[in-house]
Amino acid sequence: MGGHDPAGFNLFDSEERALADAEALLASLPDTSGDTGARVAALVAAYRRNVREQRRLVRVSDRQQAQLAALNQELARRGAEAEDALARLRQAQEILVQSEKLASLGALVAGIAHEINTPVGIALSCASHLADATGRIRALVAADDVGLDDFERYMDAATDTATLILANCERAATLIGSFKQVAVDRASSGRRRFDLATAIGETLASLGPNLKQAGHRVTVDCPAGIEIDSYPGALSQVLTNLVMNSLIHAYDDGAAGTIALTVAPPEGGFMRLVYRDDGKGIAAENKGRIFDPFFTTRRGAGGSGLGLHVAYNLVTGTLRGSLAVASEEGKGTAFSVVFPVAVPEQAD
Ligand SMILES: Nc1ncnc2c1ncn2[C@@H]1O[C@H](COP(=O)(O)OP(=O)(O)O)[C@@H](O)[C@H]1O
Ligand SMILES: [Mg+2]
């Protein structure tokens, strides 16, 4: 059996040799019937049993070693199987994530088409109405039959339809803008090392006019000198969307609130940024839907329902972090953005 070491063999061989010597000694005794002879014979017999027992033990140990080796082999095989299964699971998960992304992109495109349909449809019917009215007034002018009230009616219609066309085209353009944002290629948006507090300051400064006009107070509590290696554009977009939401959803006109931004020192390679407003909060039944594309409580009043969807995708995708909301009606809303200090290299 190949299970035990050469030292074991030698030991066993020497025992065998010693036994053979003892047997030879016994055989060479002139008389084994005497007292000494009988005692030597008993000793040799005992030694023989001993060596046999030893040999049996070695065989048992060999068998056990063989069993152990087989078990180890089986264990290794199962380990490999488990690793295989895990790899397949990861692959399946990756495919699911991809199809989820595709599905959400599909839903997004369908939603965009649906959303754009309305303003474009209105603009189209207004334009055709304007064309009709213009044709009629042109005919009247040509026939030299145009009265003052004809002309006034035409002017009114032209003004109204032009206003409607403009508003709806603007709405369509805004929607297309949002769509572009969503579709922004992750890889192409720039990654660099930057100072977090500075980036937050710059973003808030760019929002200053909006915030000032509404009379809100903004406080920032971010340790100075934290340098992160990430996507400043994405971070800024996320912050912008959160601020715009507070401006639009959190406060009634004329009500001034406080928006607080708190960044904790890095922990375990991650940053935690908490954005908080003290506005109306989000109704419990809506909380689970605010990150869905096109979920808005301001449909028809400037809401596209894409702001938080974009923010979510940027945080979980580009920044490789997580975005969570906590809100209580009447008490305000808090978003917590957790993201790595250095974005890991993208695997895909
Ligand atoms: N700070 C906030 N306070 C209250 N409600 C909010 C806030 N932020 C988001 N919401 C709710 O989440 C919804 C989805 O937000 P978002 O995706 O940005 O779409 P939109 O702003 O176009 O409505 C909003 O319609 C609103 O109901
Ligand atoms: Mg929004």
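Two strands are taken to pair if DSSP finds at least two bridges between them. In the predicted model described here, strand β2, which covers residues 217–221, and strand β4, which covers residues 258–263, are joined by five bridges and run parallel. Within this pair, V218 stands opposite I259 of β4. None of the five residues of β2 is buried, so the strand lies largely in the open.

The protein as a whole contains six helices and seven strands. Read along the sequence, these elements follow the pattern α-α-α-β-α-β-β-α-β-β-α-β-β. Of the 348 residues of the protein, 19% count as buried. Contacts between residues at least 6 apart in sequence were also examined; 70% of these join residues at least 24 apart.

Helix α2 spans residues 35–142, and helix α3 spans residues 148–183. V51 is found in α2. This residue has 17 C-beta neighbours inside 10 Å and therefore counts as partly exposed, since a residue is buried if 20 or more such atoms lie within that distance and exposed if 12 or fewer do. Leaving aside residues up to four places away in sequence, V51 touches E15, E16 and L19. The C-alpha atom of V51 is separated by 8.4 Å from that of F12, and these two residues are 39 residues apart along the chain.

The loop between α2 and α3 contains D144. The phi of D144 is near 55°, a positive value in a residue other than glycine. Most residues other than glycine have a negative phi. With 6 C-beta neighbours inside 10 Å, D144 counts as exposed.

Helix α4 comprises the 19 residues 196–214; at 1.5 Å a residue they should span 27 Å, and the end C-alpha atoms are 26 Å apart, which agrees. The helix bends by about 55° at L207, and a proline, P209, follows within four residues. After α4 comes G215, whose phi is positive, near 80°.

The buried residues of α5 include P232, A234, L235, Q237, V238 and L239. Further along the helix, N241, L242, V243, N245, S246 and A250 are buried as well.

Among the buried residues are G307, L308, H309, V310 and A311, together with Y312, N313, L314, V315 and T318.

Just after α6, R320 takes a positive phi of about 60°. R320 is a residue other than glycine, and its place is in the loop between α6 and β6, the latter formed by residues 322–328. Because R320 has 16 C-beta neighbours inside 10 Å, this residue counts as partly exposed.

The shell consists of 23 residues, the closest being N245, T296, G303, G307 and L308. One of these, N245, is among the buried residues of α5, while G307 and L308 are among those of α6. The greatest contribution to the shell comes from α5, with five residues. By class, the shell has 13 polar, seven nonpolar and three charged residues.

A further loop, between β4 and β5 (residues 270–277), holds E267. This residue is exposed, with 10 other C-beta atoms within 10 Å. E267 and P340 are 73 residues apart along the chain, and their C-alpha atoms are separated by 9.4 Å.

Methods
Residues are numbered from 1 along each chain as its sequence is written. Chains are lettered from A and ligands numbered from 1 in the order in which they are written. This is a predicted model: local features need pLDDT of at least 70, side-chain atom pairs count only at pLDDT 80 or more; totals for chains, interfaces and linings use all residues. Helices (H or I, at least four residues) and strands (E, at least two) are DSSP runs, numbered from the N terminus. The expected span of a helix is 1.5 Å times one less than its number of residues. The bend at a residue is the angle between axes fitted to the seven residues ending there and the seven starting there. A residue is near a molecule or strand if its C-beta atom, placed from the backbone, lies within 6 Å of it. Ala, Val, Leu, Ile, Met, Phe, Trp, Tyr, Cys and Pro count as nonpolar, Asp, Glu, Lys and Arg as charged, and the others, Gly among them, as polar. Two residues are in contact if their C-beta atoms, placed from the backbone, lie within 7 Å.
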